[in-house]
Structure formats: structure tokens, C-alpha cells
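Open the model in your viewer and keep the selection panel at hand. The stops below go from one selection to the next.

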Amino acid sequence: MSSGFLFHETLKTGCSDCHHHRAACIETERVALLKFKQGLTDPSHRFSSWVGEECCKWRGLVCNNRIGHVIKLNLRSLNDDGTDGKLGGEISLSLVDLKYLNYCLECSTYMANINASIHFLLLIFLSSTFLHLETVKLGSCNGVLNVSCTEIERKALVHFKQGLTDPSGRLSSWVGLDCCRWRGVVCSQRAPQVIKLKLRNRYARSPDADGEATGAFGDYYGAAHAFGGEISHSLLDLKYLRYLDLSMNYFGGLKIPKFIGSFKRLRYLNLSGASFGGTIPPHLGNLSSLLYLDLNSYSLESVENDLHWLSGLSFLRHLNLGNIDFSKAAAYWHRAVSSLSSLLELRLPGCGLSSLPDLSLPFGNVTSLSMLDLSNNGFNSSIPHWLFNFSSLAYLDLNSNNLQGSVPDGFGFLISLKYIDLSSNLFIGGHLPGNLGKLCNLRTLKLSFNSISGEITGFMDGLSECVNGSSLESLDLGFNDKLGGFLPDALGHLKNLKSLRLWSNSFVGSIPNSIGNLSSLKEFYISENQMNGIIPESVGQLSALVAVDLSENPWVGVITESHFSNLTNLTELAIKKVSPNVTLAFIVSSKWIPPFKLNYLELRTCQLGPKFPAWLRNQNQLKTLVLNNARISDTIPDWFWKLDLQLDLLDVANNQLSGRVPNSLKFPENAVVDLSSNRFHGHIPHFSSNLSSLYLRDNLFSGPIPRDVGKTMPWLTNFDVSWNSLNGTIPLSIDMANNSLSGEIPSSMGTLNSLMFLILSGNKLSGEIPSSLQNCKIMDSFDLGDNRLSGNLPSWIGEMQSLLILRLRSNFFDGNIPSNGMATEISSERYEGQLSVVMKGRELIYQNTLYLVNSIDLSDNNLSGKLPELRNLSRLGTLNLSINHLTGNIPEDIGSLSQLETLDLSRNQLSGPIPPSMVSSDFLESLEPIIQQTIW
């Protein structure tokens, strides 16, 4: 027998009880190892066991059982991903005393210093003492140096690649013989085996990032980098695969391959957002070694799934099945989960589960949950008390359900909680429990869009008593309209707070001075409350503040330079209110230079004037600028026009600004400019072609409207130059009411197919309505009233399904009224403008609420014939057909207009009885104009 076999680790001598007679460590070798240890840096304490006399028991060492010599040195990490950390430092020459070392595994794989690896190589090859060394494996930075994949696995990966589409060339490195060096492929450091395929599309937006189940398909940039095509069965040749991640790619509805259930060694599987189709194959239940499973939003379409296959995954620790339809598992989903006794994280948002179990222990053996997400399932019950059995719970998300009742005191006993989201449960009410203040480890609390009432003093006082201070970083209590009272001084004790959202509540008084202690605060939103006190100067100490919104509060007092003294990171500032009553004033020096660079500034109904604010001179990064109703009586200085700002919104309306507006201003796509209600004069300015809305009404602009305005600003959807001193003929334009424009409406106006808002009322226009306007299919408002237009009403008006307002009153139209197909839904989109509507015997002006109007006014024309069918106009609020020549009966279906508030059919030649359906209408408030005429 060769002497080389004497010390081989697999040597069997026939001694049945040799393991009971381990030889002691050789002292010279123990000393050599200690010197070796002293030369290394060990950040993760992997050498903590290297103490005592018996070095053969030290971690990473193997001794010969008979003679005690060190024969094996294994310094690799316990995990293939290297989570134990890297060694560094120098390799001592003392290792030459390990004269019987025959196996050195990964000796330098985790050594951070490449010089140390070179040193070790020299030590090996220059020393004659390592006579018995049979194996040396040295790692590289990416985990493998000498390990090369097998030919079988290489071919399997090549076939897999051939089945994929790869539009951005993410697999361009998949060439050559060593597949262990290919991007996304990880091999074992012990043997030439592929153990990981990490092919997630990292360019796509994750569905967990914003709650949208879009995957790569809903993200243009992500789709450009997404794999597609087929998934080859050749992957089955990767016998040692433990990790498979194909998430956020786009497989176009391809079914999840059943053969994935054959990877018996698989511990990690992520197919989230990968645009598969069909149901989840039950074969996934065969992955008995699986620890991590993420199928969140795996499918392009909603397909009903069951959960019976879960029972085979008894070792599972992380489960994410978000945005998958499990509605048919609603009755038993908790029992399916109860078989996963090792589960630590459970995510089932948006799964249609609908019912929470009414059991004390609904998840059976699952007792160690640290994360639970059951958001957006439509649960219709109170917050379950079984939650409080999970003493390790750190993350809880129940948002967007129909939960009801109060927030239980039991939350105060879950001291490990770091994240709570109970938002968007409109029936959660009651007072904020003081016990929540005991959660000193809590970092995020979201209770917005609920019905919580009372004050927050008890909760804040509790957090302020945390021994090591509260960990709270984000607090969102917004949109609880009965939650209010004064903001407590204890607010200033939340030193870690980064985000404070208190908008749309009922808080009153002043902001406490203690807010200046919140040195980490980045965003502060308290808009739409009843804060009727002062804004303290201590706000100026919030050096981390980025965004603040104090809008829609009746603040009093003044804002000075001290309020901004240390706000060096501020980029967004909003203080606005709809009410025209100014109660807050800015008083700063004309020489003041702000410490911040804003990109968003909205000051509405705050006194900044009478001079134009000089401190804007250095605000050259603005994207939004609103100085509306700021009591500025000045000209806009030249330096402002020369800032070369790229403004999405410029609003200086409702001031006393004067002077001419230059043509040189440039704006980005879809920009909005509002200069209305000022004293600007001269010709209408020519701005850049990207504008979508331009409001110039109520100024002193004069001269003709440029005839090419439709070409120079082709994307305009709102253009208002009413109440000026314009003259000449009408060009391509949108809102030019109450001027003295004459001539015919040009047919070329029909090329504006994005037009939503056309108001030409109060002019001297003549001729017929051009047929080209039927191309404006998304028009909301069509107002040609109070002109001299004539001819028949075109039939295509009855086909404009988006119309909310049709006003053609006081013209010379004749003929029959076409059947109308106006919008049956009120748009939620707000738009600017002004409309005169005759309602209930008086003229009403709609401006701020114009988007709520659904009206037809064809009064004071020469229309004849019978009334058209009206049943389709279900959202109609006002119908005025008075002062025409209409005949016949009132249609029986008029009672179906359930939203009708005003109906005027007076001064026509109608006959017959009033339909019974009209009398029963719940919404009709004014019948007097009808009774004024003779009805037989």
C-alpha cells in the first residue's frame, strides 16, 4: 500500500470502534494554526471555535483519528452564497508545520486580499513540506476559479437559451465551455454542478414596489429586457439545481411548466410577474425541499386557482401568492396554510379570499409568522384577535379590505411589530388606542382612509415614553375626517420620524414648536384640516425636510425668512386655499436668498405682493410655479423670463400683474399656463407648441387672434381668451367667449381631434355649425350660445358620447332636435372654464364645479317638431328647450331622467297630459316653468 494512502480521509482500517479513540491534536500544529489565525482578519468570527487544547475539534479542521495530525483544512463558507463573510489579512508561513495536510478546500475563496491568495500559492509550491497535499481548491471573486460545469449541464443551458427570446442580449455571455462563468449561472464551490439560475429581469418594476400587478408587460422599459419564448425541458439535466428565478420576464401566457415540480433539490423558486398563464400546476407541491416560493402576479389574466397543492411544502418559510385568484379557496385557505409549520412570511394580497377565519388558532402549527400580508381581499369582519397569538409578528398589512370596528388594544402586546398598515378600511372607527404607543419598535403606521375619530394625544404620549426613543419613521393618519384636536407637543419626541401625513383630518390650532426637533423629517403633509393658528419659526430647523404641504387651512400670521433658515433640502412647498380670503402673508427681504432650490412651489391666496417676489431669482430648477391670488401689483421682471425654466405649470392668475408677455417662453409637453384675471396687455403671446392649456381670460389683450394658433399650438385642449378686447375673425381656437368675433366657424377647427372644451359664446358668429367638428369625439363642453348661427342642428351631435354640456341657446337654429347620446357618467377630471346655465328661473355661473354639470340648453331658437326620446340621458341635470316651436306630447320616458333638477319646456306648442312618471321623479325640483304653458 502506498504511504500516500496512510492519511487519506476515507481510509478504512477495519477497526470497528476507531471513532472512540481519537488521537489528540499535535501541539506544534496547534501553535501553527493559532499563528495562522492571528494573521487573518475574521469579520464574521468564523474562528471563534479556535480556542482550547484540542485543535482537532476546531471548525474547518479534520485530523487523522489514529495519529492526530491535521489532514484537512476547509475554510469555505457554510453557505454557497458566502453569507459567513470573507477572510482577509496575511497567510502565515506557520502552515508549513502542517506536514500531513492532504486536502485544502477553498483555502482562499473568501480571502478579500488577492495578495494573500498569491502568498498562499507561493507557500504551497515553494515548500517541500506539503508532501501529502492531494487537493487544493482556490476560489475567485465570483465564487469559482477551477470549477467548470459539466458538458451535460452546459448543453442543457444552451438548449434552454435557444428556446428563449432575449431582446436586449442579457445572455450574451453564454458562450464558451465554462458555463459557471455565464451571467446568472452559479455553480457549487464543492463540485462542478449548476445550483442556481438567477435570471430575474431587474429592469422591470416589481409588483411589490407599488402594488400593481403589472410585471414586465406593464412596464415598457422592463419589457424591452424581458425574456420570452419557451422554457426547455433540458433544464431537467440540472440535477443539483437549488435556486430558480425567472421573475419579471414576459412569457406571454405560457403555462408554468409542470416539470418544474421535478427539481427535488429546489429550495428557491420565483416566478413572480413573469406573465405566465393558466392555473398553478399542482406539481409544484412535489418540491418538498422548497423554502422560498414567490408566484406573485405570475399570470397575465385572472384564473381561479386552488391551494390543495400547498400541503407538500412542509419546509416552506416564505410564501408569496399575491394577486392570484383564490376565491374558490376562500373557505379553506387558512387550513391549507396550516400545514406549513415552518412558515415565517405569508403574503396573500389581492387573492379574493373574502372571509377571515373565526378561530382562535386558524393556522394550526404556524406559530412563528414574522410577516403577514392579507391586504385587498374584501374581508368583511372586525380585526381578528388571533393575530395577537403571533408574538414574533413584525410586519402586518390588512389594507384595502372592508374591516370594521375599532383598532384593538391587543396590538400593544405585539412588541416586535415594525410595520402596520390598516389603511383604506372605511369602517374601522373609534379612537386611536393608547396601547399603540407601547410599540417602541414600530417604524411604519398607516391608518389613512378610515373613520377613526378623537385625538392622537394618548398615542403620541405613549411613544414619547419609549426608553430608547420611538423607532417610528412613517406615520400616515390622513383622510380620517373626525380625527382631530390639537397637535400635541409630544410630536417633537419622535426623533426618527421621516414622513408625517395628517392631511384631510380635523386638526385645529397651531403646529407645536416642538416640531423643530424632528431632525429626520423629510415630508410633512397637513393639508385640508382646520389649522387656524400660526406656523412656528421652528419649522425652519427641519434640515432634512424635502416636501411640505400646508394647504387648505385658515392659517394666520406671517411667514418670514426664519421659517426657511435651515431648509437646505426643500424641493416642494405648497400653501394654498380655494377661499379668496387672504390671512397669511410672506414678509421677507428683497435681498433674501433662500437656502433651497425648489422644483414645486404653489402659493395660492397668500400675500406675496405688492412686488413680484425677488427671491425667485435663484430658483432655476422650478417645474411648477403657482402664485395665484398673491396680491401682486407689479410687472413680471425681465430676470424671471430669462431664467429659462421648463415649467409644467405656470399660474399667476388673479393678481394685478401688468405689462406685455414675451413670446420666448418654452414649455415641456402637456404644460399649462394660466395668466387670467390680470392686467396684461398687447397681442396674444405665441408660446411653444407643447402647451395643452392656455388661459388668458380677463386681461387687456387686444388685436386679432393669430390665424395660425391651431398650428403653432396643436396640442391645446383648453384655450380661453374670453373677456379681453380682441377683434377680427375667428381662427383655430377653443375658448373665446364674450368678445366681438364675427364670421363663420372655420371647418379646419375639426382637425383638433383632442379638443375637449369649445366655448365661443357671446360673440357675433354666423353661418352653420361645420360638419368637421364631429371629429372632436372626446369633447366635454360645446357652447356656441348667444351668437347668430343658423341652419339645422346636425344629427352627429346626438352621437357625441362624451358630451357633458351642450349649449346652443339664443341662435337661429331650426328643424328637429336630433336624439342625444350625451355622456351617461360624470367625469372625475376637473377642467377650467366658465359656463352660464339658466336653471330654476335664474342664471347660474359655473366655474370651479363645471366638471359636475350635465346640461342641454337649446332655448330661444326656431326648433320645431316633436321632443326626441330622452331615456338614454340618465345623468342629465338640466334640460332647457324653452322659446322654440316644439309640438306634440311630452314623452312618457321623461321620468327616467332620475338626476334631473331643472326642466324648462315653456313657450312651445306642446299638448297632452303631464306624464305620471314626471310626478314621481325624486330629483325634479322645478316644474313651475312647465305649468306656465297650456297643456291639454
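**Strands, annotated spans and a sheet**

Start by selecting V62, which stands opposite K72 in β3. Residues are numbered from 1 along each chain as its sequence is written, and side-chain values use heavy atoms, with hydrogens and water left out. The model is predicted: local features need pLDDT of at least 70 and side-chain atom pairs count only at pLDDT 80 or more, while totals for chains, interfaces and linings use all residues.

Strands (E, at least two residues) and helices (H or I, at least four residues) are DSSP runs, numbered from the N terminus; two strands pair if DSSP finds at least two bridges between them.

Now select β3 (residues 70–74): four of its five residues are buried, so the strand is largely enclosed by the rest of the structure. Buried means under 20% relative accessible area (1.4 Å probe, protein chains only).

Next, select residues 28–64 and 153–188, which an unreviewed UniProt entry annotates as "domain: Leucine-rich repeat-containing N-terminal plant-type". UniProt positions are given in the numbering used here, feature names are shortened, and annotations may be inferred rather than shown by experiment.

- Residues 28–64: end C-alpha atoms 15 Å apart, 30% helix and 14% strand.
- Residues 153–188: end C-alpha atoms 13 Å apart, 31% helix and 14% strand.

Move on to the open sheet of six strands, ordered β43-β45-β47-β51-β53-β55 with parallel pairing. Its edge strands, each pairing on one side only, are β43 (757–759) and β55 (902–904).

Finish inside this sheet with β47 (residues 805–807) and β51 (residues 855–857), parallel strands joined by three bridges. Select I805 and its bridge partner in β51, S855.

Terms used:
Buried < 20%, exposed > 50% of the residue type's maximum accessible area, 1.4 Å probe, protein only.
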